[in-house]
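Hello,

Here is the structure you asked to look at. My notes follow below it.

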Amino acid sequence: MPAKALRLLLAPLLLLAVRGGGAPGPEELLRPPARIGVIGAGIGGTAAAYFLRQRFGKDVLIDVFERGEVGGRLATLNLEGQDYEAGGSILHPLNLHMKHFVKDLGLSTPQGQGGLLGIYNGDEFVYEESGWYIWNWLKLLWNYGLNPLRMYMWVEESLDKFMRIYRYQSHDYAFSTNEGLLHALGGASFMQLLNQTIEEAMQKAGFSQKFINELVIPVMRVNYGQGANVNGFVGAVSLAGADRGLWSIEGGNKLVCNGLLYASKAQLISGSVLSLEEKTRQKGRSGEPAKHYEVTYHSKSGLTTDLYDIVLIATPLQRKIANITFQNFNPPIPEFSRHYHQTVTTLVHGRLNATFFGYQDPSQFELSSIFTMENPKLFINSIGVVSPVKRTASKTALGPSVWKVFSPESLTKEELRLLFSSYDSVLEKKWLAYPRYSPPEKSPPIILHDRMYYLNGIEWTASAMEMSVIAAKNAVLLAHHRWYRKLDKVDQEGLHDRLKTEL
Ligand SMILES: Cc1cc2nc3c(=O)[nH]c(=O)nc-3n(C[C@H](O)[C@H](O)[C@H](O)COP(=O)(O)OP(=O)(O)OC[C@H]3O[C@@H](n4cnc5c(N)ncnc54)[C@H](O)[C@@H]3O)c2cc1C
Ligand SMILES: *[C@@H]1O[C@H](CO)[C@@H](O)[C@H](O)[C@H]1NC(C)=O
Ligand SMILES: *[C@@H]1O[C@H](CO)[C@@H](O)[C@H](O)[C@H]1NC(C)=O
Ligand SMILES: *[C@@H]1O[C@H](CO)[C@@H](O)[C@H](O)[C@H]1NC(C)=O
């Protein structure tokens, strides 16, 4: 294509002409921000620090506040000398931001483990995999007809649209609302997914109720601790999480957060942010007023305040989680009090009680993952064998394994005695894990104030590591464009078609 080639050749010349003879670009006119504050050092906050450094350059001071551990909901538990993922654990092969981080930070990913899955309805297994691949397919076909194949295609189609985000972001486009972001990816069909439950969405798409009850709901329960009433978008994300090729990070997923923080050359401040307030200060002798955000935080050295030009909030703004107050904002920053759902992770080193799961002959039991259907008498969402985050030379397969149980409440001694025929160590971690979804879903705003951005509203569309990174990149692009007044990169319509024809 000669025309295109010509444009390619001319492009640098055109740029030179504009730069050389013309007016200075907006970046040269406006002073760069001196200090940026990020609240939260989970995957969202640390990715934000990393992108901030890329965008705003080497001179800006970046502070990241964390009141707990770097990693947040990415955390490990140590059981008998080995670490196991206790929070966010699996990544999809098409989670491209996370993939790039792993590569850029020189981390590695161990081979995923196989294992047989069973789906338990509280009395018996409605579906059980065997070691024979073809047999599994025949069984699926027999039980659910073409539903599994159609689901695969349905998810694939949504995933295709979802992948547009990487193209938009690599061209620096940003969105000022989470709804706007989703709309740019999947148009009205994505917006509709937010307005209905996964059950309604799949019923409308012609999936059988049996398939929804026996396969879709168990996947929702393992990934989000909730059933068929989650919104259709998080439902689709959750189903994609049942795909092949899932991965995790050697040594623990939280290593990405540590790596990003280090690479960003941000300063980590161990402390709990209590409040935010806008302050106007006279700047220099000229007396030109400058607006800042005052962050008040509690750390080992007591109560401290610091001023920032831009603030990014990378934690759920929920009283039970972050409890940050916004002082003297006009109009006031609304409160986002909607619930986060509790999920309890329990690690148990022991032998499963196959009798509890309806096996007459426990020696026949070969499953390593059990998903469950909705049944009031069930006190667990799922249970499965897990490997430590550091793969040592594998021990013998015999003997007790480490099982990970997800449940809505802590397991009692009696419940543990039912689940396991014998066990020794038990460790538990309680999470306010993800939003309690209830469509029609409305996501909180990204722009809370002029230069104050909120990342975690995106969780109300779907909560996942990659979603937090997408939100981080979007917020950083948005903050940059708004600071330098490059509004032609914000909330643009028809991006998909436009970028198709762009070089
Ligand atoms: C049990 C479980 C399983 C999951 N499984 C998966 C999975 O398999 N795959 C997947 O992709 N996702 C999974 N997720 C979801 C995923 O873990 C989260 O979406 C993601 O980690 C959120 O990251 P974040 O940085 O946005 O928030 P967080 O990780 O919550 O980070 C927020 C940080 O802010 C800090 N903070 C809060 N308030 C303050 C304050 N006032 N001052 C200072 N610091 C503060 C917190 O201590 C925390 O470290 C799972 C989550 C849980 C709980
Ligand atoms: C979703 O529901 C909201 C009201 O809850 C409505 O305003 C909006 O138009 C709906 N969107 C779609 C695509 O149906
Ligand atoms: C939230 O903070 C306020 C004051 O900053 C405090 O009075 C309250 O107890 C805190 N609530 C929780 C749940 O931590
Ligand atoms: C195993 O499960 C059965 C059936 O629920 C129960 O009767 C038994 O007490 C459980 N525990 C052991 C150790 O077998």
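A polar contact here is a pair of N or O atoms within 3.5 Å. Please keep in mind that this is a predicted model.

Ligand 4

An oxygen atom of ligand 4 lies 3.5 Å from a backbone N or O atom of Phe 356, and a nitrogen atom of the ligand is 3.4 Å from a polar backbone atom of Arg 417. On its own, ligand 4 has 360 Å² of accessible area, and the protein covers 49% of that. The residues around ligand 4 are Asn 353, Phe 356, Arg 417, Leu 418 and Ser 421. Sorted by class, this shell has two nonpolar residues, two polar ones and one charged one.

Ligand 2

Around ligand 2 the residues are Met 191, Asn 195 and Pro 440. The side chain of Asn 195 has an N or O atom 2.4 Å from an oxygen atom of ligand 2. Of the 360 Å² of accessible area that ligand 2 has on its own, the protein covers 35%.

Helix H11

Helix H11 spans residues 232–240 and is mostly covered, with eight of its nine residues buried. The buried ones are Gly 232, Phe 233, Val 234, Gly 235, Ala 236, Ser 238, Leu 239 and Ala 240. What do the buried residues of H11 pack against? Their partners are helices H6 (147–162), H8 (178–195), H9 (198–204), H10 (209–224) and H14 (465–483). At the start of H11, a side-chain oxygen of Asn 231 comes to within 2.8 Å of the backbone nitrogen of Phe 233.

Asn 143

Asn 143 sits in helix H5, residues 133–144. Lys 210 is 67 residues from Asn 143 along the chain, and the C-alpha atoms of the two are separated by 8.9 Å.

Regards

Note on methods:
Residues numbered from 1 in each chain as written. Chains lettered and ligands numbered in written order. Predicted model: local features only at pLDDT ≥ 70, side-chain atom pairs only at ≥ 80, totals over all residues. Heavy atoms only, no water. Near = heavy atom within 4 Å. Polar contact = N/O pair within 3.5 Å; in protein donor to acceptor, adjacent residues only side chain to side chain. Areas by Shrake-Rupley, 256 points an atom, 1.4 Å probe, with all protein chains shown as cover. Nonpolar A, V, L, I, M, F, W, Y, C, P; charged D, E, K, R; others polar. Buried < 20%, exposed > 50% of the residue type's maximum accessible area, 1.4 Å probe, protein only. Helix = DSSP H or I, 4+ residues; strand = E, 2+ residues; numbered from the N terminus. Contact = heavy atoms within 4.5 Å.
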